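Colleague: Could you take me through one part of this model in detail? I would like to follow a single region from its own chain out to the partner chain.

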Number of protein chains: 2
Amino acid sequence: MPESPGRVLPDPAQWTCPAPLRDHPRVVMGHGGGGALSAELVRHVFAPAYGGPVLAGLGDSAEITLGGARLAFSTDTFVVRPLFFPGGTIGDLAVNGTVNDLAMSGARAAYLSCGFILEEGVEIAAVARAAGALGEAARTAGVEVVTGDTKVVEAGHGDGIFINTSGIGLIPPGVDLRPQRVRPGDAVIVSGEIGLHGVAVMSVREGLEFGVEIESDCAALGGLVETMLAVTPELHVLRDPTRGGLAAALNEIAAGSGTGVLIREDDVPVPPAVANACAILGLDPFYVANEGKLVAFVPREHADAVLDAMRAHPLGARAAVIGEAVESHPGMVVARTGLGGTRVVDLPIGEQLPRIC
Amino acid sequence: MPESPGRVLPDPAQWTCPAPLRDHPRVVMGHGGGGALSAELVRHVFAPAYGGPVLAGLGDSAEITLGGARLAFSTDTFVVRPLFFPGGTIGDLAVNGTVNDLAMSGARAAYLSCGFILEEGVEIAAVARAAGALGEAARTAGVEVVTGDTKVVEAGHGDGIFINTSGIGLIPPGVDLRPQRVRPGDAVIVSGEIGLHGVAVMSVREGLEFGVEIESDCAALGGLVETMLAVTPELHVLRDPTRGGLAAALNEIAAGSGTGVLIREDDVPVPPAVANACAILGLDPFYVANEGKLVAFVPREHADAVLDAMRAHPLGARAAVIGEAVESHPGMVVARTGLGGTRVVDLPIGEQLPRIC
């Protein structure tokens, strides 16, 4: 890290990568999409300013040690629009998002912080509804909100309610989940049907109807992860496919592991309603956000037992093996299509659906 | 806590306290002011929804135990306007605010999270300047940013840059700082001149000039607190007088301790420039926010030694004993004026200066 980098303002023209940011002297919506543009912002702006070795790991949560305890620590800010949608609200999303980031380290969330930014004029009843959903989700996940903060900004300088949650949990001994542990041959397992959260939010935001109501899958995954770790602590990596969907999660793992990832499109559980909605909207379900799903890379010899355990859990009933880690095309995700062809599943640049979480 | 309180929406008309919130079915700026309105929101909306025993402590940070480690955990969201002001920026404010909340538990901040909400269209250079200041402040405070998140909202739905930081630190053995430990006779010590941060932000926001430039006192107090605890771990309570100023901090301690607080107005260090600016603006310096000061309640027998140690530290050079805890008027803060009279120093209702941090 250069000395006192805070004093040096970045000059996009000097960046040597083929950076879309180069063309963006100002922030665009895609910088919040969890894809390539978000990664650019981290690499060129945040990491040089304050990044250390832990942040460089860029996992869903950070692993830290304090007072001899091995902890996972994570933060997430929620700006979903609308605040209330089929299957969830910004409140339960704020709990489950952070609880799930911790769960991806194998940690059961223990304590949460909660910071609200309220826009002047928002109804107290709306704040109470979001807070109530937050409380219920916390009780369901078995996590305690222990510290909070509230700020108010003038009307027209916010958007109703924004919520940040940060969380801490204990990582069990012997558990070590990170992309670097992935090995060719690992089974790629997804815990259930994909695309529900993004399509649910989009449908109410845009007033679309798809014949059946699609509900967000927003849920806390700590219990499911415990079930999986009880089969074997030898899981290699877990990731929850939120912004950027399954495609972004698999690409992050492929990039971090140095192996390739091959998935079979027909084995990925996409509910018909999501497939139809995506066809109408011109979206790819692989890129649509989920809030109650995980993808796991599991050593081949444990794959069947882990899959069985997942299917016995309510949040893993539709779990499926969708592919495997491979030696070929390292760092790249390739999908085998139903017709026997292959296509590259790229990291998205920005976001198909802004403000989805 | 009532069962499933999330399902019951609060009806302000049913509240039995003399609540200003009653008259506010919608959020007003004062709900973010750290005064009585903020407390109402916590008591009537947040605590019933998700409050547990730790949150009920309502300290600057929560004390939690995880894996055998005794930790302080705190969160703060920063919406200061403008983003850059004399003596600081939103970036260093975001570090020092949370580091100081932890320091008030006696904990040295170890790890920070950092969540940005960016408004579409804000210059990348402004984001980089804030991030750079954040990084420098973290290095100065000896804290590592280990996890982060970035969201983007459409132009007109945010205000440039909002930052949430959450922090974790280890509480040293034998240290137990909380209002309940205050005893009549405790010396009340303030670490230096008050009112600088609020007046500095106000001056640039409103384009005011007061003859001399007033700079924010934004600074990390972890080192000063360590110096004080080295004299004696028997300090009773610490608080950093941010939103709501010295008045709010003393009122929170008085309310939590059940003792009264008597301060001598003439002994409170108010810089002449702050006094002049406050006179012009119609503000009371006791209610103006600070970002690099603390107030300490210290057992009488240790007061001289603690004061000497503070004065030997760069951030405590102007430390002063300003009063004491008293048996009379429990829960109330009273100031003895220069003319020998007394006045009640109340908890502010809302905020004199909105969006000061």
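Modeller: Happy to! Do keep in mind that this is a predicted model. Chain A has two parts here: domain 1 covers 63-173 and domain 2 covers 179-344. Taken over C-alpha atoms, the centres of domain 1 and domain 2 of chain A are 23 Å apart.

Let's start with how the domains meet. In chain A, 23 residues of domain 1 are in contact with 23 residues of domain 2. On the domain 1 side, the elements of chain A that give two or more residues are helix 3 (90-103), strand 5 (108-119) and helix 4 (124-141). Helix 3 of chain A supplies the largest share of that side, with 8 residues. Sorted by class, the domain 1 side that touches domain 2 in chain A holds 13 nonpolar, 7 polar and 3 charged residues.

Now for the partner chain. Chain B is superposed on chain A by a rotation of 180° with 0.0 Å of shift along the axis, at an RMSD of 0.0 Å. This is the relation of a two-fold axis. The residue of chain B that comes closest to the rotation axis is B:Gly158, whose C-alpha is at 2.2 Å.

The contact between the chains takes 83 residues from chain B and 83 residues from chain A. Elements giving two or more residues to the chain B side include helix 1 (36-50), strand 5 (108-119), helix 4 (124-141) and strand 6 (144-153) of chain B. The largest share of that side, 12 residues, comes from helix 4 of chain B. By class, the side of chain B that touches chain A has 43 nonpolar, 26 polar and 14 charged residues. Of the interface residues of chain B, 100% are also interface residues in chain A, so the copies meet through the same surface.

The largest nonpolar core has 239 residues, and A:Leu134, B:Leu134 and B:Ile189 touch the most other members. Leaving aside residues up to four places away in sequence, A:Leu134 touches A:Gly91, A:Asp92, A:Ala94, A:Val95 and A:Cys114 in its own chain, and B:Ala49 and B:Tyr50 in chain B. As background, nonpolar side chains tend to be buried together in soluble globular proteins.

Methods. Residues numbered from 1 in each chain as written. Chains lettered and ligands numbered in written order. Predicted model: local features only at pLDDT ≥ 70, side-chain atom pairs only at ≥ 80, totals over all residues. Domains from an automatic or database assignment. Contact = placed C-beta atoms within 7 Å. Helix = DSSP H or I, 4+ residues; strand = E, 2+ residues; numbered from the N terminus. Nonpolar A, V, L, I, M, F, W, Y, C, P; charged D, E, K, R; others polar. Least-squares fit on C-alpha atoms with pLDDT ≥ 70 in both. Core = buried A, V, L, I, M, F, W, Y, C linked by C-beta atoms within 7 Å. Buried ≥ 20, exposed ≤ 12 C-beta atoms within 10 Å, placed from the backbone.
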